[in-house]
Amino acid sequence: MPKLTIDGKEIEVPAGTNLIEAARQAGVEIPHYCYHPGLSIAGQCRLCMVDIEKTPRPTIACNAQAADGMVVWTETDRVKETRRSVMEFHLINHPLDCPVCDQAGECWLQIYYMRHGLYEPRMTDEKVHKPKAVPLGPHVMLDAERCILCSRCVRFCDEITRTGELGIMNRGDHSEIGLFPGRELANRYSANVVDICPVGALTDRDFRFQVRVWYLDSTKSICPGCARGCNIEVHTNRRRPHHAEGRRVARLKPRYNADVNRWWICDAGRYGYGAVDDKSRLRAPSRREGEAVADATWEEALAAVAGTLGRLEPDEVGVIASPRMANEDLFALRRVLERRGIRRVGFRVPPREPGDEDAFLIRADKSPNALGAALLGLDGDVAAVLAAARARQVKCLWIFDHDLLAAGWDEAEVDRALRAAETVIFTGANANATSERAHWVLPAAAWVEREGTWTNCEGRVQRFRQALEPLGQALPTSDILGRVLAALGVAAVPPRAERWFRDLAAAVPAFAGLSYPSIGDAGQPAARGAA
Amino acid sequence: MTGERILMRNFDRPDSHSLAVYRETGGYTAWEKAQGMEPAAITEEVKASNLRGLGGAGFPTGTKWSFIPKGHTGPVYLVINADEGEPGTFKDRYLLERDPHALIEGMLIAARAIRSATGFVYVRGEYVEPWRRFGAAVREAYEAGYLGQGFDVVVHRGAGAYICGEETGLISSLEGKKGWPKVKPPFPAVRGAFGMPTIVNNVETISHVPHIVNRGGAWFASLGTRTQGGTRMFSVSGRVARPGVYEASVAITLRQLIYDLAGGVTGNGRLKGVVPGGSSAPILRADEIDVPMDVDGLRNAGTMAGSAGVVVMDETVSIPEALMVVARFYAHESCGQCTPCRESTGWIYRMVHRIVEGHGRKEDLDTILDVARRGAGTTICAFYDGAVGPYISYIEKFRDEFEELIDGAGTRAVATPAPAAG
């Protein structure tokens with residue numbers, strides 16, 4: 001472990017650490033464009049220059065490894081002048097179109113110009129012109145004039161997805177990023193190039209022109225799109241509700257987690273948030289009698305649900321839980337089942353089409369919490385529950401989230417089961433063909449409207465936080481179940497998700513010792529041997 | 001002062017490029033001798049000769065060879081840089097066309113010294129005839145059994161980019177990638193072509209090696225100056241009576257080269273300036289030509305020996321126009337990898353162009369000088385430092401010529417306002 005000094009601070013770093021990372025550990029930020037910790041060293045932006053004692057001129061920090069006894073200065077006059085020069089070079093051919101650029105507000109040209117540039121502009125000649133608004137693929141738009149040719153996007157496609165769609169064409173100040181002939185930037189991780197683009201050259205076709213980034217709020221969350229549980233940030237627009245056609249979730253961005261997804265997420269996950277603000281959202285409890293559907297109050301709905309559960313024999317109730325439910329919801333559900341002695345329960349519903357999978361992040365299981373549901377012991381046979389309903393042994397079916405009519409089962413068989421049950425209850429955030437068949441609908445908050453935890457395919461328990469208020473009268477599923485429990489006469493029901501999790505950790509060995517603070521932002525592994 | 005011709009000794013013989021003629025004049029005897037020498041002894045002999053790289057950088061050749069990591073067990077590559085692209089330089093093409101076997105013999109010896117089994121010769125794309133001649137010589141050498149017995153030669157053609165003459169740009173290109181110079185460290189001797197230790201030498205440098213082996217390092221060293229041995233080939237062009245390639249001791253002065261060998265200055269007969277080492281070398285004024293042409297002699301004169309491309313300008317030559325031509329070249333050939341070079345070569349060209357076109361502004365010259373100085377030394381390779389040589393020296397040494405153009409523009413500016421600053 002080499003020991004070195006950066007701006008007078010002595011630190012010890014693992015062998016092979018470069019000076020940008022070593023400085024970060026010492027609390028010193030070295031400005032840079034082309035360097036990215038997930039990609040190979042390019043050394044071409046020339047912004048990360050530092051002074052190393054006993055070297056004749058400033059050196060790029062990205063390609064210099066920390067060495068024992070090295071003395072590094074990041075703020076000498078010479079370094080500051082070099083940065084100013086490099087900033088000027090980066091900007092002479094830049095269109096300076098910040099007022100119409102989506103990157104404005106999160107652009108590293110703006111940030112570093114203010115921190116390290118601040119020179120008097122002296123470029124008075126015609127700038128080099130390049131292609132603008134070039135779609136590279138379904139998600140990414142290129143403005144070659146804004147590009148600083150850091151080559152991060154090229155290296156991403158070469159080194160991470162290994163699809164190699166992008167290259168730098170031409171030479172000198174006519175160099176530009178572009179697609180190789182006949183190619184399209186359509187790999188399953190393509191939009192990550194927008195995240196790693198430090199400027200406004202690559203923008204997100206889904207997000208561009210929707211809302212200014214300074215109106216967005218960021219919330220730490222987990223992608224619900226598959227069992228990987230990639231760590232993400234949910235960017236929400238609450239301050240300009242008249243923008244973006246009322247979309248509250250403006251975009252999802254990957255959040256670094258060394259053990260899960262590093263810096264990346266897949267495109268399917270990134271653009272999979274549409275259901276949150278979709279017209280299909282269930283906003284109020286409702287009741288169906290024959291063809292007539294009418295809104296109901298929570299009191300009416302809860303009284304009806306608790307009344308049904310309390311009236312029927314345990315074997316007359318079948319529950320189809322969902323691997324989209326949070327651990328807290330599943331534990332609350334378990335309490336309901338225990339209270340009534342209900343044993344006909346399961347959560348695995350086969351998809352109509354098998355999910356795609358790859359060797360990187362994407363998992364075939366498109367639900368975020370199948371392992372959590374299994375660890376909580378809800379792994380009964382759903383097909384048997386439906387068969388019992390068809391045989392009129394089950395009088396009440398309580399279905400969470402699933403659209404059983406769009407599952408990998410014979411639709412007519414499912415239909416017969418739904419018809420046979422006297423009472424069908426549906427709990428979920430969005431309407432579907434199954435919810436339309438329910439007698440009682442209990443609207444649940446979407447994942448961004450509440451907090452909770454999921455257990456990913458590797459057994460990592462991860463927290464997602466509340467970014468928005470629930471739509472309409474929707475409630476977090478754990479709250480709904482808590483209210484059902486209260487209606488069933490249980491006195492001490494946990495008032496919120498964190499308390500549910502505390503009870504869960506005390507009761508389920510796999511979660512023993514875990515708590516919201518200990519899970520933190522990066523998650524914690526469940527004790528899988530205890531499952 | 002001109003002395004014996006070594007590299008060019010066979011140039012005037014008919015069929016000098018053939019194996020038969022090469023053998024008649026003592027060809028491949030050095031290779032026979034070298035086969036009886038330890039690799040380290042060959043390197044020591046080359047060190048003793050004070051042979052320095054003749055492609056441009058002037059690095060001591062024997063020292064470069066000794067940078068191959070000790071104990072390395074995988075392949076080692078010898079790469080010959082025949083991507084002769086420095087404006088004003090045309091010597092390597094003569095060697096490839098007229099004495100290709102000297103290069104092959106030099107490669108055999110160098111490969112023995114660095115324990116390489118494979119050599120690559122990267123030939124400039126525009127050099128069609130040199131490529132044909134050299135390729136034919138390689139086939140002859142295979143048939144005669146010089147090649148293919150533990151050492152193979154691959155001839156690779158470039159596609160016409162100046163940057164591929166930079167040794168790591170050349171390696172990238174050879175590897176099938178865009179010809180972008182590589183970030184150093186690691187240096188090629190440690191991690192070069194295809195990730196293996198690689199020595200990159202110029203055609204002329206390696207063509208000297210057989211003579212050093214045959215006649216001894218001390219003999220070669222005695223031909224030159226204290227810090228650089230031997231002769232080299234000077235490409236002389238521009239306003240001289242007899243332009244062409246001249247072989248002479250590296251100790252020859254620029255004056256001797258222009259007046260004794262190249263027949264003196266033409267045009268109006270009065271010298272204005274000389275570029276002594278290819279377009280990247282800072283220009284010398286007429287009163288600065290009493291300098292020896294070796295690496296250190298020219299360095300002490302504030303310029304560089306470079307590739308020994310000597311471009312002579314008489315008093316009728318416009319220095320701003322000459323700088324515009326040079327600046328256009330560097331703007332066109334910058335590979336675009338590093339920001340300072342990519343952005344400022346184009347910017348500077350546009351400024352110089354504007355001055356020449358009569359739209360110069362008085363702050364332009366200081367802006368060019370400042371931009372050039374700020375970018376110098378901040379890039380991956382030496383390309384930009386090479387561009388800075390002419391930018392700064394042409395303006396500093398001939399500033400009055402630029403100011404005259406700008407002052408003329410000033411009177412016109414009354415009618416045509418300068419574009420708004422932006």
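Which exposed residues does the face of α7(B) turned away from its buried side carry? This tour of a predicted model, in which local features need pLDDT of at least 70, side-chain atom pairs count only at pLDDT 80 or more, and totals for chains, interfaces and linings use all residues, begins there. Residues are numbered from 1 along each chain as its sequence is written, with chains lettered from A and ligands numbered from 1 in the order in which they are written.

**Helix α7**

Select residues 128-143 of chain B, helix α7 (helices are DSSP runs of H or I, at least four residues, and strands of E, at least two, numbered from the N terminus). At 1.5 Å times one less than the number of residues, its 16 residues should span 22 Å, which agrees with the 23 Å between its end C-alpha atoms.

Next, display B:Val128, B:Glu129 and B:Glu143, the exposed residues in question (exposed: 12 or fewer other C-beta atoms within 10 Å of the residue's own; buried: 20 or more; partly exposed: in between; C-beta atoms are placed from the backbone).

Then select the buried residues of α7(B): B:Pro130, B:Trp131, B:Arg133, B:Phe134, B:Ala137, B:Val138 and B:Ala141. Because they cover an arc of only 165 degrees around the axis, they lie on the same side of α7(B). Their cover includes α5 (92-98), α6 (100-114), β2 (118-123) and β3 (152-157) of chain B. After α7(B), select B:Gly145, where phi is positive, near 85 degrees.

**Helices α6 and α9**

Finally, show α6(B) with helix α9 (residues 203-215) of chain B; their axes are 7 Å apart and the packing angle is about 75 degrees. The two helices are therefore roughly perpendicular (65 to 115 degrees).

Key: The arc is that of the directions from the helix axis to the C-beta atoms. Two residues are in contact if their C-beta atoms, placed from the backbone, lie within 7 Å. Axes are lines fitted to C-alpha atoms, for helices over the stretch in contact, and angles run from 0 to 180 degrees between N-to-C directions. Angles under 35 degrees count as roughly parallel, over 145 as roughly antiparallel, 65 to 115 as roughly perpendicular and the rest as oblique.
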